[in-house]
Amino acid sequence: MTAHRTEWDRLDHLLHRGRRLTGTEADELVDLYQRTATHLSLLQSSAPDPMLTARLTQLVARARAAVTGTRRASWRDATRFLTAGFPAAVYRSRHWWIPTAVLSTVLAAVIGWWIGTHPEVQSAIAAPEDLRRMTSPGGEYETYYSSHPAASFAAQVWTNNAQAAAMCLVLGAFLCIPVIWILFINVLNLAVGIGLMSSAGRLDTFLGLILPHGLLELTAVFVAAGTGLRLGWTVIDPGPYSRRTALAQQGRAAIGMAIGLALVLFVSGVIEGFVTPSDLPTWGRITIGIVAELAFLAYVYILGGRAARAGDGGDIDPAERSAELPVAA
């Protein structure tokens with residue numbers, strides 16, 4: 001302390017300067033930062049003093065921030081994320097979520113047909129009285145969308161769907177298994193509705209209720225599931241990078257997609273809360289759903305395709321992440 005207190009005080013003084021440092025002062029700041037970091041390391045390993053260690057830790061942290069610079073998020077970052085990062089990540093993962101969407105839709109149709117054409121399967125789902133209560137005009141399938149005030153219902157739907165999408169994205173790292181299960185539960189719920197309403201001769205009513213919000217909602221779920229599967233496959237086959245590096249890259253992109261998909265599901269939740277139970281004619285409600293779906297696909301393929309071709313993959317900027325070298329051909 002006696003030998004180096006003057007250096008520490010000088011470093012503290014430079015950090016508190018109200019004006020910009022001169023070139024000489026900046027060089028001195030870097031030199032003092034390096035020395036103080038060494039002093040802190042020696043004290044922690046040989047003669048730990050809690051008060052002195054705490055002071056030097058704070059001093060080194062402030063000096064590091066001054067030397068390396070700090071970056072604050074801005075509205076420019078949010079704009080770049082919405083116009084490039086998020087749509088590019090969705091676009092680049094299309095080879096995963098488009099097959100997921102096709103296979104899930106076909107599976108839902110097949111299971112729905114099986115339920116609708118087999119009375120014994122329907123009786124295993126619920127008692128005949130309960131089935132009539134669900135599928136009859138004014139039944140539970142129709143009143144479900146108007147059972148709560150529109151705003152609270154939209155918020156509830158949005159929260160549930162956003163959680164499901166986030167689980168698909170995050171749990172994909174566990175070798176894809178949780179994602180497949182979550183996706184199957186969603187497909188099964190849709191298939192049960194298709195099967196029961198078609199057996200009652202009211203499939204058109206069911207589609208008129210599900211399509212306005214379901215097109216965009218299911219697309220978001222398929223994107224989340226496809227991205228989760230891609231993340232899980234990265235654990236199995238990381239490609240030319242180390243498994244840790246590849247998983248970090250895909251994981252950062254997946255976290256960004258969770259935020260973007262939450263915004264997409266917010267739109268579908270608003271449609272489900274305000275449009276689906278409205279008095280609009282069926283063709284009007286379905287048209288709104290189709291327009292929302294086409295707008296999202298155009299957003300992904302136009303903005304996302306352009307950003308992806310420019311090298312954006314939904315990850316953070318290269319300048320903000322450590323450089324990595326390939327470890328395999």
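**View 1. The largest pocket of the predicted model holds about 780 Å³ of space.** In this predicted model, 28 residues line the largest pocket. Tyr 144, Tyr 145, Asn 189, Ile 210 and Glu 217 are the lining residues that lie nearest its centre. Four helices each supply at least two residues of this lining: H8 (140-143), H9 (150-171), H10 (177-199) and H11 (203-236). H9 gives the most, with eight residues. Sorted by class, the lining of the largest pocket consists of 16 nonpolar, nine polar and three charged residues.

**View 2. The second largest pocket holds about 430 Å³ of space.** Its lining is made up of 21 residues, and those closest to the centre are Thr 105, Gly 214, Leu 215, Leu 218 and Phe 222. Helix H5 (94-117), H10, H11 and helix H13 (282-309) each give two or more residues to this lining. H11 provides the largest share, nine residues. The lining of the second largest pocket has 15 nonpolar, five polar and one charged residues.

**View 3. Helices H10 and H11 come within 11 Å of each other, taken between their axes.** Two packed helices are described by the angle between their axes and the distance between the axes. Here the axes cross at roughly 170°. An angle over 145 degrees counts as roughly antiparallel, so H10 is roughly antiparallel to H11. On the H10 side, the contact is made by Val 179, Ile 180, Leu 183, Leu 190, Gly 193, Ile 194, Met 197 and Ser 198. H11 contributes Leu 203, Thr 205, Phe 206, Ile 210, Leu 218, Val 221, Phe 222, Ala 225, Gly 228 and Leu 229. By class, this contact has 14 nonpolar and four polar residues, and no charged residues.

**View 4. Residues 164-192, 253-271 and 283-302 carry the annotation "transmembrane region" in an unreviewed UniProt entry.** Over residues 164-192, the chain is 83% helix and 0% strand. The end C-alpha atoms of residues 164-192 are 19 Å apart. Residues 283-302 are 100% helix and 0% strand. For residues 283-302, the end C-alpha atoms lie 27 Å apart.

Technical notes: Residues are numbered from 1 along each chain as its sequence is written. This is a predicted model: local features need pLDDT of at least 70, side-chain atom pairs count only at pLDDT 80 or more; totals for chains, interfaces and linings use all residues. Side-chain values use heavy atoms; hydrogens and water are left out. On a 1 Å grid over the protein atoms alone, a cavity is a set of points where a 1.4 Å probe fits but cannot get out, and a pocket is an open set with protein on both sides within 12 Å along at least five of seven lines; lining residues have an atom within 4 Å of a point. Grid points are joined across faces, edges and corners, and a volume is the space filled by probe spheres set on the points. Ala, Val, Leu, Ile, Met, Phe, Trp, Tyr, Cys and Pro count as nonpolar, Asp, Glu, Lys and Arg as charged, and the others, Gly among them, as polar. Axes are lines fitted to C-alpha atoms, for helices over the stretch in contact, and angles run from 0 to 180 degrees between N-to-C directions. Angles under 35 degrees count as roughly parallel, over 145 as roughly antiparallel, 65 to 115 as roughly perpendicular and the rest as oblique. Contact means heavy atoms within 4.5 Å. UniProt positions are given in the numbering used here, feature names are shortened, and annotations may be inferred rather than shown by experiment.
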